[in-house]
Structure formats: C-alpha cells, structure tokens
Amino acid sequence: MRIHRIAHKRDYTVLSNKTLQDPTLSFNALGILVRMLSRRDGRVVNVRTLAAEGPTGRDAVASGLRELKARGYYFVETAPDPDTGRVLSTTDLYERPRADMPAPDTILAPAPVREAVLPAQRRSPAAGNPEPGKTGTTPTGAITTGAVPNPPEAAPTAAVRTKRTPAAPPPPPGPAAAAVLHHLAATDHRLILGARDRATIAPLIDRWLANGATQGQIISAATLGLPADLRCPAGLLTHRLQTKLPPPPHTLPAPPRPLADHPECHTCDRPLTTPEPAPDGLCGDCRHIRDNPLLPPDHWIFTEPLPA
C-alpha cells in the first residue's frame, strides 16, 4: 500500500494511533468516534445530528454510540436543572477510553513560603538607609514599643440557606388558540409543543384571530413549506407568526345614499341628483323662479341660438 500524505496548515485533527488502531472497535464505531473528535468542543452531538451528516441511518449510529459507551469512549450523564427543572444531558467524549486516560497534572508549583511572625515578635522597624530621591519633611508621631496587639477576630456567621421558590406554571392558552395549536399538532407531529412554548405562541395566535384571520389561514401560514430537518418547531412558529401577521381589518366606506324619491323635476323634467328627496319635486332653478316672481321675463331666455 502506498500512502500519499499532505502537509497540513489548518483544518486538521491530531489523533493517537492507539485510538485509530483499536482492535476492539468496529469500523462503524471508529468512524463515528473520529467524526465526533474532529468537532469543536461544546457542539451538540446526538443520534439525530450524526445521522443527518451522512448516509448512515439512525439505527447504525445508535449501535455505534452504544459500542463506544461500552468501550469507555462515550458517556452521557443527565441531571435536572436547578433553575428551570428541565432534565439536561452532558456528553463526555474521550480520545482514549476513560480508564486509559492519563491522570490530570494536579501538582502545582509550591507557593513561596513566608516565615510566620508571632505577635510577640512584631516590633517597630529599625532605622535603615535613606531612599534616594527628594528629601521630604521629618515624620512626626509617637514611638511605639512592645508587641502590637492582634485585631479582634470576627465571630463566625452561620450560613443562611435561602429556599428557592419554584417558578409559576405558564397560563394555559385560550380556547381559540388551543384549538389552533391542536390542529397544528394534528397536521404535523413535529409541531407538538410543551406548556412553555404553547404559552409563548398563544398570544401570537390571538393577534391573528383579532385581525380577522381564520384558523385555516393560520395553519396554512405556519405549516406551508416546513423544512425536512425541523430542529426548533417553537422558534419556527414564532418567527412565521410574527413576520406574516396580517394587518388589522379596515372598515369599508358607507354605500352612497339613494337618489331622491322624485327623480325628475315636475316643471322642466330635468333629473334631480340631490340625495335628499325634494318635498316640492322641483329643481333648484325652478324653485328659484317660484320664489322670485319679480324677475324680468327674459331672465331665463337663452342668448345663443338653440341647435336645430
């Protein structure tokens, strides 16, 4: 076999040959171990994320992790969070089995030893050589002789343990929002949410309903085009319901009022366009002639010849 190697300057991983040539590991478990050791510290790694990175199925990945756990390479510990009460898991991965890992170097450099000075040996400092620099004023004060008394020791205080009050449970969503959340979970099982996430998304659903949206419109906006790899359903629903919120409904203008009951003038037969019915059935010009009978006779005579 001829091996062609390259010189690495960045993006490489250094592993022990004992790990790479461990005869107790299968190729499946060894490949998963090398893949996880090439990741940065603190990355979220589990069966689902590893299966999404390559063609290996979840069953094969789970089998490889069980083998690594049995050989001492992979450990998962669960413990409840003291603040939220949720169960958190901590994953530890070792380059060599934990039993073969070298012990951490706990031997620290010794601190410099200072001689203990008893209270009876504490006396005033003797005269020494003057320090170089500008001469100052002569110090004043009383000369103390004898031992310096120790300061009084403070009485030990008992540790006070405060009792942590549990967080109040989130309020349940209203009946309308609960119905929409039920339909979302029935549409896609990945949209089944916990109590805290339901309490966060319920106000957004109420805003959609207040703006006149129907349950079908909300479900269509929330579930249309869901990604195949849905990792945070609560975050996706929150983002979609915030960015796609429809505007509040606007009131339509009032329809125009019907025309008058008398559509034509009784005198000149011109159409009446006033919204209110004319009590006398006359247009404005005929009403003006009626109310002003002293106008000259030729006041309403056209000066231009009428068309033939």
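This is a predicted model: local features need pLDDT of at least 70, side-chain atom pairs count only at pLDDT 80 or more; totals for chains, interfaces and linings use all residues.

User: So what does the secondary structure of the chain come to?

Analyst: Nine helices and two strands. Those are DSSP runs, numbered from the N terminus: helices are H or I with at least four residues, strands are E with at least two. From the N terminus on, the order is α-α-α-α-β-β-α-α-α-α-α.

User: OK. How much of the chain do buried residues make up?

Analyst: They make up 20% of the 308 residues. Buried means under 20% relative accessible area, exposed over 50%, and partly exposed in between, with a 1.4 Å probe and protein chains only.

User: And what does the accessible surface come to?

Analyst: About 25,200 Å², with 58% of that belonging to carbon and sulfur atoms. Areas come from the Shrake-Rupley method with a 1.4 Å probe, and for residues only the protein chains shown count as cover.

User: Which residues in the largest nonpolar core touch the most other members?

Analyst: L184, I201, I205, I218, L237 and L241, out of 22 residues in that core. The helices α5, α6, α7 and α8 each supply at least two of its residues, and the largest share, five residues, comes from α6. A core here is a set of buried Ala, Val, Leu, Ile, Met, Phe, Trp, Tyr and Cys residues joined through side-chain atoms within 4.5 Å.

User: What does L241 touch?

Analyst: I201, L204, I205, W208 and I218, leaving out residues up to four places away in sequence. Contact means heavy atoms within 4.5 Å.

User: Let's look at α7. Which of its residues are buried?

Analyst: In α7, residues 215-223, the buried ones are I218, I219, A221, A222 and T223. They pack against α5 (175-187), α6 (195-210) and α8 (233-243). Just after α7, G225 takes a positive phi of about 70 degrees.

User: And α8, what covers its buried residues?

Analyst: The cover includes α5, α6 and α7. The buried residues of α8 are P233, A234, L236, L237, T238, R240 and L241.

User: Switching to the other end: is T19 buried or exposed?

Analyst: T19 counts as buried because its relative accessibility is 1%. T19 lies in α1, residues 17-20, and touches L30, L33, Y73, E95 and R96, again not counting residues up to four places away in sequence.

User: Where is D22 found?

Analyst: In the loop between α1 and α2 (27-37). D22 is buried yet has no salt bridge, and R96, the nearest side chain of opposite charge, is 4.5 Å away. A salt bridge needs a side-chain nitrogen of Lys or Arg within 4 Å of a carboxyl oxygen of Asp or Glu. As for charge, Lys and Arg count as positive, Asp and Glu as negative, and His and the chain ends are not counted.

User: What joins the side chains of D22 and T24, then?

Analyst: A polar contact of 2.8 Å. That term means a pair of N or O atoms within 3.5 Å; within protein, one must be able to donate a hydrogen and the other to accept it, and residues adjacent in sequence count only if both atoms are side-chain atoms.

User: Last one: why does D11 count as exposed?

Analyst: Because its relative accessibility is 72%. D11 lies in the segment before α1, and its phi is near 55 degrees, a positive value in a residue other than glycine.

Technical notes:
Residues are numbered from 1 along each chain as its sequence is written. Side-chain values use heavy atoms; hydrogens and water are left out.
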